[in-house]
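I opened the notebook to record what I looked up in this structure, entry by entry. The sequence and the model come before the notes.

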Amino acid sequence: MAPDRNREGNRVPMSRPALSEEEVAAVSRVLRTPYLAMGPEVKAFEAEVADYVGAQHGVAVNSGTAGLHLCVRAAGIADGDLVITSPFSFVASANVLLYERALPIFVDVDPASGNIDPQAVAEAIDDLLQGAEARARWLPRRGAERAGDLKGVLTVDVFGQPADYRRLEPLAQAADLPLIEDSCEAIGARYRDQPAGTFGDAGVFAFYPNKQMTTAEGGVIVTDREDWAETARALRNQGRAPGDTWLDHSLLGYNYRLNEMNAALGRVQLTRIDELLARREAVAAHYGQLLAQVPGASAPVLLETTGRMSWFVYVIRLDPGLERRRVAEALAQAGVPTRPYFQPIHLQRYFVERFGFQPGDFPVAEDLGRRSLALPFSSVMTKEEVELVVEALDRVLQRIGAG
Ligand SMILES: *Cc1c(COP(=O)(O)O)cnc(C)c1O
């Protein structure tokens, strides 16, 4: 029997956090203590996240975006600096550069994984360090009047699959550039046998409710660099440096603090992370099996370097010529929600208006952007729900493919 539709008319939710009575109890317990804002739970949580990936330091913040922004500040990236990054990502990974009036230098991505293409990164570094003529092809059409020097690389582990760090790390090191790893979609993933988040100078995890584990809102920076950890701790807390009292502010800071309820929730989720990831992997495997019988759509590609995929979303790729919007609309009619992961950042309105990007600037990212569709996915999704989604997809693709 078909499940009933929920209030949005969906027969399957797009995503759902996996919460138990243990999380409810942990949050309730905090409410009976004198600590609501940053306190012992936050301290324990950030240490536990760092320990989970084997990093020296963890700095908890109130979103993944805040964590990335603090890394940009810790790297000393400022007005007019150039930073190489990916156009195929959630907009936050580029926005954090704009917060400091740096210029994102987008380079195209690998068609299999959607991760930044190391070859393109190498070319961009060479050209940008040469200066003059060679620089021009990487700069945006507009908004580059104050373009300064190349000052960093910000990579993204797209959909829970690590970027190609065996090639990216040496490139950044050789050019003496800080490397920030946006691992907001990749907690628990491994590149060969090294955990996502531990490449470059610092990595950032995010814990919004659709991520592999949640704090409702929140994030953690992991790093082996004591100087970065110290800067991030000061900046998240209104610019109070070590030794500053409550009303001393040595730096221009922010209120990016995580609170005790969020941290308590995250601590319980972290104890369950391997179970949550295993369940997501089982859901993805079931999707993969069923999709093999569906003409018109293909399952995500796992690279040989991916020691462990951390399934964040389940993104299929439609065959060229199938119009994603039509597929999404027909699925919505059938009660199956989807998301167009990702709309490339350079074609978001703000970026077009400020920098003059045009369709065709990053063809691989755009092609993926046109053909990628995220299906409902979570660690609590049942086999029946996966079957319902794939059956609906199969029917829709047959209809649309036929005419
Ligand atoms: C989720 C996410 C972030 C950060 O998200 P917040 O909502 O700020 O926690 C950053 N980058 C990527 C690629 C993400 O998917």
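In which loop does F342 lie? I find F342 in the loop between α11 (324-333) and α12 (349-355), where helices (H or I, at least four residues) and strands (E, at least two) are DSSP runs, numbered from the N terminus.

I note the ground rules: this is a predicted model, in which local features need pLDDT of at least 70 and side-chain atom pairs count only at pLDDT 80 or more, while totals for chains, interfaces and linings use all residues. Residues are numbered from 1 along each chain as its sequence is written, and side-chain values use heavy atoms, with hydrogens and water left out.

Entry on the backbone. I looked up the peptide bond from Y341 to F342 and found it cis, with omega near -20°. I also looked up D176, which has a positive phi of about 60° although it is not a glycine, and which belongs to the loop between α7 (165-174) and β5 (179-182).

For polar contacts I took pairs of N or O atoms within 3.5 Å. A polar side-chain atom of T65 lies 2.4 Å from an oxygen atom of the ligand, a backbone N or O atom of G64 lies 2.8 Å from a ligand oxygen, and an N or O atom in the side chain of K211 is 2.8 Å from an oxygen atom of the ligand. Taken alone the ligand exposes 390 Å², of which the protein buries 92% (accessible areas by the Shrake-Rupley method with a 1.4 Å probe).

Entry on the sheets. I counted two strands as paired if DSSP finds at least two bridges between them. Strand β6 (residues 190-191) pairs with β11 over two bridges, and Y191 stands opposite T306 in β11.

Another open sheet, also antiparallel, is formed by three strands in the order β10-β12-β13, with β10 (297-298) and β13 (372-375) at the edges. Four bridges join β12 (residues 314-318) to β13, and I noted L373 in β13 as the bridge partner of I316.

Terms used:
Polar contact = N/O pair within 3.5 Å; in protein donor to acceptor, adjacent residues only side chain to side chain.
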